[in-house]
Amino acid sequence: MTAPHVLIANIFFAPYTYGGATIVAEEVARALAQRHGWQVSVLSAVSRIDLPPYAVRKIQTGEIPNFVINLPPSRPYAQMYCNSQVAEAAGRLIQSLAPDLVHAHCIQELGTGVIRAARQEGLPVVVSAHDFWWICERQFMIRPDGRYCGQDPVDLNVCRGCVLDMSQTRTRQLQLKQSMQEVDLVTYPSEFARDLCHRSGLLPQREAVWQNGVRHPGPGFFRNQARRRRTHPTPVFGYCGGPSDIKGWPLIRKAFEGLERSDFKVLLADGSMDGSWWKDSEFAALPGTWKVHPRYSQDEMDGFWQNIDVLLFPSQWKETFGLTIREALCRGIRVIQTNSGGTVEHTGPDRDRVFPIGARPEALRAEILHALARLDPWPDPVAVPDFDSQADHFAELVQPLLHKTMGMPTVRPVQLARSHDPSGSAARTA
Amino acid sequence: MKNTLRRSLTWWRNTGLGRRGSIAPEVTGGVTDLTGFFRSDSSSFWTESASRTAFSIPTPPIRRQRPKIAMIGDLNLPQCRKYRVEQLAEVFAAADADYVFSHYEDLPRCMDILQDATHLLLYRLRSHPHVTRHLYEAHRLKLPILYDIDDPLFSVPAYATYGNMDVLPPELKAHFIDEAPHYAEVMNMADVVSVSTPVLRDHASEFTSRPVFLRRNFADRSTLEAQPRPDGPHGEGFRLCFASGSQGHEVDFAVIEKDVTEFLARKPDRKLVILGHFDTRRLPAEIRNQVETHAFTDYAGYLAHLSGCDAAIMPLADDLFNRCKSGVRVIDAASVGVPSLVGTVSDMQALVQDGRNGRVIDSAGDWGAALEDLASDRPLVREMGREARSGLETRWSARVEEPVIDPEMIRWIAA
């Protein structure tokens, strides 16, 4: 029997790696290929003026071929969630690649046409709901004024001040709900995301929490981390969210502005493609030593994390997962965080110290001071799933679907050797 | 507060026209020819792909994928398009392969059809910057390449000795001879070659070390949809058809001109029906009033005229070029129930069983006697026409086996 072939639809994919969901899609794809021997193809998007609209081009980074479709820079409202030309391109691709399964991983902008194309070819479809695209036309439940909307459940009547055209919004929601009912399995990265979507009226046939994995520390990370902590014991705070209100940057700035000590460093990661996040920022008036760390790839992340003792994560919205927090926890790095949705669904320390979204800077300042004063600054690494575990979990979740289409035996997947697991106990927690 | 207001205003302004901007972090790419290809511009798609180490595709398309053949060719010649491009869809359907095609100058479409293909098939192309692009892209995508050709366009000897050229302007012959190396060049950039006749296969093998497969022209669905006239040919007299799809066939007709002239002279109701290109001033004056001509027309019009004839004559002067020719005119005639009289030059003889569905007349044969035999036995003519038509359906329609196609070619595609 041949290994399954899965076509993953994800808004971006390597070499155009933007955002956490793309990293998850890439890493799981690689793990499915390497650990399980699956064939993986990808449909993702670019937006270019040197290609015809909706032209598809095949590129490849590593072992996963990526068929990029060229989305016009701006499209009518309906084409942002259901685009017949994307559906047609996806249908052609499905016919030529003949996958056994379509995984609509993060399909904002590609839209539900991918699902329709797969169903027309009689293929099983798995949807992974990322962010809040399925229940919020603005994707992140963030209002035009940049604040988290906070609805639970989402009631479209409350969206009235947030959207241009309520009838368009209602139509979108009806169509997405209907699409959701046509898929075989819907996964969510956290119980929070699942419950909120559920309460907001998304009622798929079958659903599961499929928690994201993270890149575990590589060989030598803990040795390098220990050396750095020994030779440069000054506490280092890290922040990865950029100069964004919603990620809590104004809160951080105000919290540090009022701090009356400076025996620490702050390292700001620049996640922008062009190094622009912190280009115009001025830190001279802030206490402590402030530096910007350039954008890093998955392979380079240990170089950032080995210099961090405490991650600042004062997110001002309910996120569905929080990759950064898990990356820190599995590296023995403390986290100061808000009670921001799925980001708290981990087994790390200090969960009793999370502070609420909207809290004043004093709350964060108190946590910073506590981190500087505590006698146990360096916790043990926390077991969190890596991408191998996540891929294993995916293979397990979709096995019944493949059994139907490919006649695969209904046995549990073989437990393969883990690639690298610092704690040796990175349990699947979903 | 200032930032909040700025964000709100920007959002409302962007959405004011009922459109939404992409969430892509950047709209990129310089203005090019819309292929995103081969531009030195540092922002072009391929330049960017290369700089992101995503340009090269390390492995061929996955083997479990159903073959999908992308044909890029010169589609300007109607008969070539029918027999070497469009009818391939039926063969590949029988081989459980997908098939798409594009004219080689339609660069965006050519790029489109290559992306999810498993093979590139180049048809009748000479070296050209566009062809270089297609080859480059096919190599990038790790596609095996097949080159198809149905005339010895790559051969200086074939054109140097091609008798039909003698009645055309000499610069035309010189042009074809100059062009030959350019066809051979592209042919040799492919992994394998397919041609339309056994002689062409042998001749092509002198110009390439690549495997050369035989893929004959056949009666496709549209040809088989044509039907013989239920009431037979026009009138009482005997109507002979000579079809000429290109310039220079006066030289071929000259091979049997004397026999045809005598045949027509014996009865005034006998007609020579010439379809297509022909300089009738080259015909003997005594038969011109028994000649009916019809200008080159579309395929349906051509078959309509053909179906009004009793038999088709297809002489060819004996030269290397003509020996490479296929039996398409026999197929055309057979589709409308008209038997063909052919010589032993070209692959036409492969479609004709002498005395059963037509006549094969070798160099020592008597075309005049053969014509008289047919004219004197109309039931035999009609029976031969029925046999010719039946042979198309049973032996010369789309299939993945001989005589239409070398099964090795199908195996090469499926491998």
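The pLDDT is the predictor's confidence in each residue, from 0 to 100. In this predicted model, local features need pLDDT of at least 70 and side-chain atom pairs count only at pLDDT 80 or more, while totals for chains, interfaces and linings use all residues. Residues are numbered from 1 along each chain as its sequence is written, chains are lettered from A in the order in which they are written, and side-chain values use heavy atoms, with hydrogens and water left out.

Chain A averages a pLDDT of 91, and 94% of its residues score at least 70. The pLDDT is below 50 over residues 409-430 of chain A, a stretch that has 50 contacts (heavy atoms within 4.5 Å) in the model beyond near neighbours in sequence.

Q151(A) lies in the loop between strand 7 (125-128) and helix 4 (166-182) of chain A; helices (H or I, at least four residues) and strands (E, at least two) are DSSP runs, numbered from the N terminus. Because its relative accessibility is 11%, Q151(A) counts as buried (under 20% relative accessible area, 1.4 Å probe, protein chains only). A polar atom of the Q151(A) side chain lies 2.7 Å from the backbone nitrogen of D155(A). Leaving aside neighbours within four places in sequence, Q151(A) is in contact with M141(A), V158(A), C159(A) and L196(A).

In chain B, a kink of about 30° lies at E179(B) in helix 8, shortly before the proline P181(B); the bend is the angle between axes fitted to the seven residues ending there and the seven starting there. E179(B) is also one of the buried residues of this helix, together with A180(B), Y183(B), A184(B), V186(B) and M187(B). The elements of chain B against which these buried residues pack include strand 4 (119-123), helix 6 (129-140) and helix 9 (198-204).

Key. Buried means under 20% relative accessible area, exposed over 50%, partly exposed in between (1.4 Å probe, protein chains only). A polar contact is a pair of N or O atoms within 3.5 Å; within protein, one must be able to donate a hydrogen and the other to accept it, and residues adjacent in sequence count only if both atoms are side-chain atoms.
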